[in-house]
Amino acid sequence: MDIEDFSNKVATTFKNHGYRKGDVVALLMENRPDFVGIWLGLSKIGIITSLININLRKSSLLHSIDVAKCQALIYSSEFTEVVTDIASSLNANMGFYKYGNEATADSAHLKAKNLTNILSEVSTVSPISQDKSCYHDDLLYIYTSGTTGLPKAAVITNSRFIFIASGINIIAKMRSSDILYTPLPLYHTAGGVMSIGQALLHGNTTVIRKKFSASAYFNDCIKYKCTIAQYIGEMCRYILAVPVKPEDKQHTLRMIFGNGLRPQIWRQFVARFNIPQVIEFYGATEGNANIVNIDNTVGAIGFVSRIITSVYPISIIKVNAEGEPIRNAKGLCQVCAPDEPGVFIGKIIPNNPTRAFLGYVDKKASNSKIVRDVFAKGDSAFISGDILVADELGYLYFKDRTGDTFRWKGENVSTSEVEAIISNFINYKDCIIYGVEVHGAEGRAGMAAICDENDTLNLKQLSSDIKDQLPFYARPQFLRILSKVDLTSTFKLKKKDLQEDGFDPKRIQDKLYYLDSKLGYQLLTKEVFDGIQTGKIKL
């Protein structure tokens with residue numbers, strides 16, 4: 001496929017169909033070169049493409065299309081049934097374009113145009129657009145992962161796309177000869193902007209995969225002679241869980257880049273797969289606070305010198321348990337001391353693509369991510385919602401999400417740290433840590449939901465490992481054994497529903513256990529639950 005010719009065909013088609021600059025078209029398609037060609041073509045006439053998460057169904061899919069005020073939906077044929085399910089609830093003027101000629105049971109009322117057939121008859125000449133695109137025009141809407149609540153559509157302008165893709169290119173010292181590998185979904189920023197941006201802006205070859213496979217990750221890198229591969233932290237854990245094989249070190253990678261590689265598995269991953277350099281970055285799709293670790297410091301997500309901190313547009317500020325800034329007598333925010341956890345913020349400077357906060361399509365949601373009167377009256381900053389800590393040298397480390405940290409026995413418990421430690425105990429199985437309320441007890445007791453599809457979990461060994469390596473307040477008081485785990489498309493674990501279920505065996509069908517101080521984990525029956533709630537059984 002020639003992307004230039006293909007994208008010109010897309011641009012001409014939608015221009016001829018009456019779409020203009022500023023219109024929004026949703027794209028629901030799995031990873032394939034056509035995905036990039038379609039949004040690139042739409043951008044040539046100023047159309048904003050809303051990149052829809054392919055895992056969404058019914059109400060969450062409907063919400064994603066509605067919140068972006070889409071006038072049309074392009075979907076690949078494998079999603080015909082998914083689109084048919086919500087079609088009657090969409091705007092009556094919605095245009096439907098099906099891409100692909102695979103035979104599907106098309107619903108009669110959908111009246112979708114066959115985009116594949118239309119494109120086959122259109123010229124490859126670039127259309128003349130009356131509306132010129134500008135540096136700060138909206139290019140894409142990319143949705144947050146939705147670990148809490150419904151997805152929110154973040155705004156990616158032309159300038160921000162260039163800044164994100166070129167920023168990592170320059171900082172990581174990528175070469176034009178590098179071949180990149182990304183198995184990440186192209187509807188998210190990491191895969192769709194960072195990696196695809198190297199091909200579009202810097203002429204690199206970028207290898208994409210329909211869907212991530214832990215067992216195929218390094219085989220793919222070998223097959224396509226990749227020199228750089230992309231990751232997100234949870235993927236690394238799945239790859240480590242694959243049995244050791246000779247191909248582990250037969251690749252030609254000189255670097256991996258990504259975010260979320262946990263300190264607990266960093267050294268192990270690098271040693272097993274012989275990785276020369278790790279470029280760990282941190283940043284939110286909707287945010288302006290971005291940092292990169294370029295010197296292989298294990299576990300760090302970036303570095304901010306402590307010599308002249310005021311020149312940096314990012315800071316870690318003190319917050320309370322709810323994530324709200326703790327202000328001084330003048331009503332301003334306070335910077336955290338070394339090794340003191342706080343929330344990461346990015347100073348907002350409008351019209352500066354590196355410092356502007358573009359936020360979400362939903363302006364109310366955008367305002368909730370802005371903190372004002374930060375270090376001077378009238379200034380503002382993007383508040384990430386992530387708890388970070390900086391050491392005495394200035395290296396930054398991710399601790400947790402605000403709201404995920406909970407208190408038990410008078411101590412703060414970081415869910416992400418406990419998850420990483422326990423995952424190591426159980427051969428890298430999925431593990432979700434969250435706090436649950438216990439009647440009559442202060443704070444929240446820790447609970448671990450562990451995925452054990454094949455019933456191989458050794459509870460006695462787990463009890464022993466947890467007792468040996470976790471302080472008493474961080475030990476999960478309850479276990480819930482899951483047959484499968486719901487993940488977001490970026491392999492983030494969903495906690496909200498689990499938290500609401502608590503540890504009540506009357507509400508939960510899965511096996512439940514509680515931590516007996518002498519016997520380790522024991523089955524949690526309705527009688528035990530009642531005993532805990534009445535205080536007869538002490539935690």
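Two strands count as paired if DSSP finds at least two bridges between them. The model described here is predicted. In this model, E2 and E6 run parallel and are joined by three bridges. Within that pairing, Leu51 has Ile142 of E6 as its bridge partner.

E2 and E6 belong to an open sheet of seven strands, ordered E5-E4-E3-E1-E2-E6-E7, with mixed pairing. Strand E5 (113-114) and E7 are the edge strands, each pairing on one side only.

H3 lies across E1, E2, E3, E6 and E7, and its direction is at about 155° to E6. Helix H6 (residues 158-171) lies across E6 and E7 and runs at about 85° to E7.

Helix H3 spans residues 58-67, and its buried residues are Ser60, Leu61, Leu62, Ser64, Ile65 and Val67. The cover over these buried residues of H3 includes strand E1 (24-28), strand E2 (48-51), strand E3 (72-76), strand E6 (138-143) and strand E7 (153-157), and also helix H4 (80-87). After H3 comes Lys69, which has a positive phi, near 55°.

## Ser7 in helix H1

Ser7 is found in helix H1, which covers residues 3-16. Is Ser7 buried or exposed? Its relative accessibility is 0%, so Ser7 counts as buried; the cut-off for buried is under 20%. Leaving out residues up to four places away in sequence, Ser7 touches Gly37, Leu40, Gly41 and Lys44.

## The five-stranded sheet

A second open sheet is considered next. Five strands form an open sheet in the order E22-E23-E24-E25-E26, and the pairing is mixed. The edges are strand E22 (431-436) and strand E26 (520-523), each of which pairs on one side only. On average, and with direction ignored, neighbouring strands in this sheet are turned by 30° against each other.

Strand E23 (residues 445-451) and strand E24 (residues 478-482) run parallel, joined by five bridges. Ile450 has Ile481 in E24 as its bridge partner. Helix H13 (residues 459-469) packs on this sheet, where the helix touches E23, E24, strand E25 (511-516) and E26. The direction of H13 makes about 140° with that of E26.

## Glu392 in a loop

Glu392 is placed in the loop between strand E18 (380-390) and strand E19 (395-401). With a relative accessibility of 62%, Glu392 counts as exposed, because the cut-off for exposed is over 50%.

Which residues does Glu392 contact, leaving aside neighbours within four places in sequence? They are Arg306, Pro338 and Asp339. Glu392 and Asp339 are 53 residues apart along the chain, and their C-alpha atoms are separated by 7.1 Å.

## The cavity

How many cavities of 30 Å³ or more does a search of the whole structure find? The search finds one. The largest cavity has a volume of about 40 Å³.

The lining of the largest cavity consists of Ala214, Ser215, Phe218, Ile239, Val242, Lys245, Asp248, Arg272 and Phe273. By class, these lining residues divide into five nonpolar, one polar and three charged.

Key. Residues numbered from 1 in each chain as written. Predicted model: local features only at pLDDT ≥ 70, side-chain atom pairs only at ≥ 80, totals over all residues. Heavy atoms only, no water. Buried < 20%, exposed > 50% of the residue type's maximum accessible area, 1.4 Å probe, protein only. Helix = DSSP H or I, 4+ residues; strand = E, 2+ residues; numbered from the N terminus. Contact = heavy atoms within 4.5 Å. 1 Å grid on protein atoms, 1.4 Å probe; cavity = no way out; pocket = protein on both sides within 12 Å on 5 of 7 lines; lining within 4 Å. Points joined across faces, edges and corners; volume = space filled by probe spheres on them. Nonpolar A, V, L, I, M, F, W, Y, C, P; charged D, E, K, R; others polar. Axes fitted to C-alpha atoms, helices over the stretch in contact; angles between N-to-C directions.
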